[in-house]
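User: Hi! I am new to reading protein structures. Could you walk me through this one with some questions and answers?

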Amino acid sequence: SIVIVGDILRDDESKNDAGINRDHDAVELKQAGNDAFQCSDYETAIQRYSRCLVVHCENLSTLLGNRAAAYICCKEYGLAFQDATVAVIINPQNIKGWYRRCISSYQLKLSDIGDAICNEFIQVRKN
């Protein structure tokens, strides 16, 4: 089956047509993204996280949150906001996703939205 994640279409099967296991590739791509992020190579991190979304990924919320962090570092606040929003929709307990959603909204000069996001997060944490 095909799943739409933000602007990414991915095949929801864990093997491609050649029968190669993509779970291993996804783990390597995610780690490559994390390594690039740690080295402040945010563009490469974004590419690796994006490729991981296409290949396959177990924890979409975390991966989208990671890509949102890289977008923030590249001052791509609109893209960061989109990824962080999807991340918290998938997993409302993703604290870093909420934080990145707030940061990106404030950077986009959407302080009313940022305030509302913070209040929504407080309500989620209470429940």
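**Salt bridges, loops and a surface patch**

Analyst: Happy to! This is a predicted model, and a search through the whole structure turns up 2 salt bridges. Ask away.

User: Which residue meets R67 in a salt bridge?

Analyst: Look for a pair of side chains whose N to O distance is 2.5 Å. One partner lies in helix α4 and R67 lies in helix α3, so the pair ties together parts that are 16 residues apart in sequence. The residue that meets R67 is D83.

User: How far apart are the closest N and O atoms of E120 and R101?

Analyst: These two residues form a salt bridge. E120 lies in helix α6 and R101 in helix α5, so the pair ties together parts that are 19 residues apart in sequence. The closest N and O atoms of E120 and R101 are 3.8 Å apart.

User: What is the phi of K75 near?

Analyst: Most residues other than glycine have a negative phi. K75 has a positive one, and K75 lies in the loop between α3 (60–73) and α4 (77–90). K75 is also exposed, because its relative accessibility is 60%. The phi of K75 is near 60°.

User: Where is K109, and what is its phi near?

Analyst: K109 sits in the loop between α5 (95–107) and α6 (111–126). K109 is exposed, because its relative accessible area is 69%. Its phi is positive, in a residue other than glycine, and is near 65°.

User: How much accessible area do L108, L110 and I113 have together?

Analyst: These residues form a nonpolar patch on the surface. L110 is found in the loop between α5 and α6, and L110 is partly exposed, because its relative accessible area is 33%. Together, L108, L110 and I113 have an accessible area of about 210 Å².

Conventions:
Residues numbered from 1 in each chain as written. Predicted model: local features only at pLDDT ≥ 70, side-chain atom pairs only at ≥ 80, totals over all residues. Heavy atoms only, no water. Helix = DSSP H or I, 4+ residues; strand = E, 2+ residues; numbered from the N terminus. Buried < 20%, exposed > 50% of the residue type's maximum accessible area, 1.4 Å probe, protein only. Salt bridge = Lys/Arg side-chain N within 4 Å of Asp/Glu carboxyl O. Patch = residues over 30% accessible without salt bridge, like charges linked within 9 Å, V, L, I, M, F, W, Y side chains within 5 Å. Areas by Shrake-Rupley, 256 points an atom, 1.4 Å probe, with all protein chains shown as cover.
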